Amino acid sequence: MRNHRSLSIAAAGGLAATIFCGPVLADQVTYKNERFGTKASFPSEAFPQKLPAPVEGDGLAWASPDGAQIFIYARENAGDETPKSVIRARGRTDDVTYDASGRRWAVVSGYRDGKIFYERYIFRGNLIHSVAIRYPEDERATYDKLVGPVTMTLKGPAGS
């Protein structure tokens, strides 16, 4: 009986290891902005080219050969913006086709300048942290499946 129980425990542990430690499908880039603490991850092969850093030190961007881009950044919330006001502002300049928000977050997606955009914002203290992905419409099959998993990695320090 003791051996059967040990085998069951070992089998369960092996199954859990397989579920939680399955094969990594892609190398991940995890960027953390030292100035604001903004952090997000994405598959390195999706955006292999790091773009020049902005002088302000508020974030970084990467691009792909097919014209897609990802931006990870933060900015001060100097104008008392809210998740709803960010969505409204995007609707004034872009063709917004999807939006959702909560008390401290917003998601907005649509079209701008012939590209699809998907952006997630989280509000922490006086900062707005964001990850934005933009890609050509003809690359939709490649990038649509990345936007949710990538933008959900966005974090900002809890105390900011």
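**Exercises on Cores, Loops and a Hairpin**

The largest nonpolar core has 22 residues, and among them Phe47, Trp62, Ile70 and Ile72 touch the most other members. Such a core is a set of buried Ala, Val, Leu, Ile, Met, Phe, Trp, Tyr and Cys residues joined through side-chain atoms within 4.5 Å. Buried denotes under 20% relative accessible area, exposed over 50%, and partly exposed the range in between (1.4 Å probe, protein chains only).

The model is predicted: local features need pLDDT of at least 70 and side-chain atom pairs pLDDT 80 or more, whereas totals for chains, interfaces and linings use all residues. Residues are numbered from 1 along each chain as its sequence is written, and side-chain values use heavy atoms, with hydrogens and water left out.

**Exercise 1.** Name members of the second, separate core, and state which elements the buried residues of α2 pack against.

*Solution.* Step 1: the second core has eight residues, including Val86, Ala106, Phe117 and Phe123. Step 2: Val86 is also one of the buried residues of α2, together with Pro83, Ser85, Ile87 and Arg90. Step 3: these buried residues of α2 pack against β5, β6 (95-101), β7 (105-112) and β8.

**Exercise 2.** Decide whether Asp80 is buried or exposed, and do likewise for Asp113.

*Solution.* Step 1: Asp80 lies in the loop between β5 and α2, and Asp113 in the loop between β7 and β8. Step 2: Asp80 has 66% relative accessibility and therefore counts as exposed. Step 3: Asp113 has a relative accessible area of 74%, so Asp113 is exposed. Step 4: most residues other than glycine have a negative phi. Step 5: Asp80, however, has a positive phi near 50 degrees, and the phi of Asp113 is likewise positive, near 50 degrees.

**Exercise 3.** Describe how β6 and β7 are arranged, and locate Tyr98 within this arrangement.

*Solution.* Step 1: strands pair if DSSP finds at least two bridges between them. Step 2: β6 and β7 pair in the antiparallel sense over six bridges, forming a hairpin with three residues between them. Step 3: Ser101 stands opposite Ala106 in β7. Step 4: Tyr98 belongs to strand β6, and its 42% relative accessibility makes Tyr98 partly exposed. Step 5: neighbours within four places in sequence aside, Tyr98 is in contact with Val107, Val108 and Ser109. Step 6: Tyr98 and Ser109 are eleven residues apart in sequence, but 5.1 Å apart in space, C-alpha to C-alpha.

Notes:
Helices (H or I, at least four residues) and strands (E, at least two) are DSSP runs, numbered from the N terminus. Contact means heavy atoms within 4.5 Å.
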